[in-house]
Amino acid sequence: MSTDKDSDDRILPYIINDLGRDELSKFEEQLKVDSTLRKEVALSHQIKLAVNDESLNEFDEKLKAVSDQYHKGRTTHLSTKRLTFSRTWLALAASVLVVIVCFTWIFLEKTPLNAEALYAQYAKHDFSFTERGPENQLIIAEEFLENEEYKNALPLLKDYLVEDPKAADVILAHGIANMEVGNFSQAISIFSQLKRDHPIFINESLWYIALTHLKTGELTQSIASLSSIETISGRYDKAQKLIDQIQSLEK
Amino acid sequence: MPSEEKKRTATQLLEGLLKGDDVVLLQIYEQFYEGTERFVLNNNGTKADAKDIFHDGLQELFLQARDGLQIKSSFGGYLHTICRKKWLNRLRRQKLFTSDRAEDKIVKSEESTEEILIKYEQKLLFRKHFSTLTEKCKQVLGLIFKELPLVEVADQLGFTYNYIRKRSSECRKKLVDQIKKDPLFKELS
């Protein structure tokens, strides 16, 4: 049995005590005899409590932000990705792996690298800003960054940060753009501030400080920064590998 | 060398989760997400399903922690049990999984009863359906659920009282219908 239209319209005002005296008494009379209506009211009340849970709402917002940050980091760092194969594909995957391992061994281990080549190998950036509404400025900046037109992206990022100075992903992109165009001290300063002000970007900042030092040939500083990356970070394995490679350059 | 974060106990992780501490939340993702993802992927799920289940699992854990949950064993194990149950329940509703094992139906909880867990599941279900409503419906119902009188809601949104009353009733009906059609709701009722 379904409730009638007038009763339906009264459910919400009823659960927030917003019915006039006459309507309220009519509604309460009907509630006494209509079990379907009673269930509708009870369910609507439960929904109200669930939706109106402020601390859960706050938690949910934070969780979404952290989840975005985490998954964005995972997408960027392919080395931390774990690919799962079905049994059918396992044999093929193993063959491909052998080829990749041989390739890596021949070209990376046997070919002597310099700092510049190492930088090029590791400087792969991912720029997808957390959505903040239809800001053309950021959309255009993202396009420039993806096309490696860092010089063009810089003024847009800088302007955006005047309006929203706490946007951590934009700060990071601003630092990367500076690093790529050769404003090294500016880049280090941006990454250092990001590390200080945004705890969840600590490892990301350390990684980019290390890359900036690598690009300028300051290998000791680069190793120092890489060594500070925490073991829990998705960057950790890559950082350890890069340390080994830098150390082999130093020998 | 293990980092300071690595040394956090289950209680510290739970406290950090309850406070919505960004660093702790990120640590939880970094330490435990992949286990859940592997489980979902190995059991007919996708990466999107894994993200969804892990998010729901953390929300449920937050509700439990807020009600005084204490984890005496492994934080990761407890979280994984919640996520595992959620995923298997979803598969069961899609008829992709059958099991008579009690632990696959009810979370092995240290402090909570099944009744309380159902209450949490219901709460998250209501919120999930609310989030799928149109922006206008969410706006209208959101204000009314905050117990703002309909006259004020109408005033705030620039509509007449009659329009808001009609619109809010339609939105409520749509939301309730959606919830009632969800197999999980039937299962929890």
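Among the contacts in chain B that join residues at least 6 apart in sequence, 60% link residues at least 24 apart. In chain A, residues 24 or more positions apart account for 53% of the contacts with a separation of 6 or more. These values come from a predicted model.

Both chains are built from helices. Chain B has ten helices and zero strands, and chain A has 13 helices, again with zero strands. Of the 189 residues in chain B, 50% are buried; of the 251 residues in chain A, the buried part is 42%. Chain B exposes about 9,300 Å², with 51% of that area supplied by carbon and sulfur atoms. For chain A the accessible surface is about 14,000 Å², and 54% of it belongs to carbon and sulfur.

In soluble globular proteins, nonpolar side chains tend to be buried together. Here the largest nonpolar core holds 84 residues, and the members that touch the most others are Leu211(A), Ile28(B), Leu61(B) and Phe75(B). The core therefore includes residues of both chains, since a nonpolar core is a set of buried residues joined through side-chain atoms within 4.5 Å. Helix 2 of chain B, residues 22-41, gives the most to this core, with nine residues. Phe75(B) shows how the packing is arranged around one member: beyond its neighbours within four places in sequence, Phe75(B) is in contact with Ala10(B), Leu13(B), Leu14(B), Ile28(B), Phe32(B) and Leu61(B). A second, separate core has 35 residues, among them Leu157(B), Cys171(B), Val176(B) and Ile179(B).

The next topic is the interface. There, 53 residues of chain B are in contact with 48 residues of chain A. The size of an interface is often given as the accessible area lost when the parts come together. Chain B and chain A bury about 4,700 Å² between them, and 61% of this lies on carbon and sulfur atoms. On the chain B side, Arg127(B), Phe145(B) and Arg172(B) supply 15% of the area buried against chain A, more than any other three residues.

Polar and charged groups also take part. Eight salt bridges are counted between chain B and chain A, and 17 residue pairs are in polar contact. Arg172(B) forms a salt bridge with Asp8(A), where the closest N and O atoms are 3.2 Å apart. The side of chain B that touches chain A draws two or more residues from each of helix 1 (10-19), helix 2, helix 3 (47-66), helix 6 (114-131), helix 7 (135-145) and helix 9 (161-181) of chain B. Helix 2 of chain B provides the largest share of that side, 13 residues.

Technical notes
Residues are numbered from 1 along each chain as its sequence is written. Chains are lettered from A and ligands numbered from 1 in the order in which they are written. This is a predicted model: local features need pLDDT of at least 70, side-chain atom pairs count only at pLDDT 80 or more; totals for chains, interfaces and linings use all residues. Side-chain values use heavy atoms; hydrogens and water are left out. Helices (H or I, at least four residues) and strands (E, at least two) are DSSP runs, numbered from the N terminus. Buried means under 20% relative accessible area, exposed over 50%, partly exposed in between (1.4 Å probe, protein chains only). Contact means heavy atoms within 4.5 Å. Accessible areas come from the Shrake-Rupley method with a 1.4 Å probe; for residues, only the protein chains shown count as cover. Buried area is the accessible area (1.4 Å probe) that two parts lose on being put together, summed over both. A salt bridge is a side-chain nitrogen of Lys or Arg within 4 Å of a carboxyl oxygen of Asp or Glu. A polar contact is a pair of N or O atoms within 3.5 Å; within protein, one must be able to donate a hydrogen and the other to accept it, and residues adjacent in sequence count only if both atoms are side-chain atoms.
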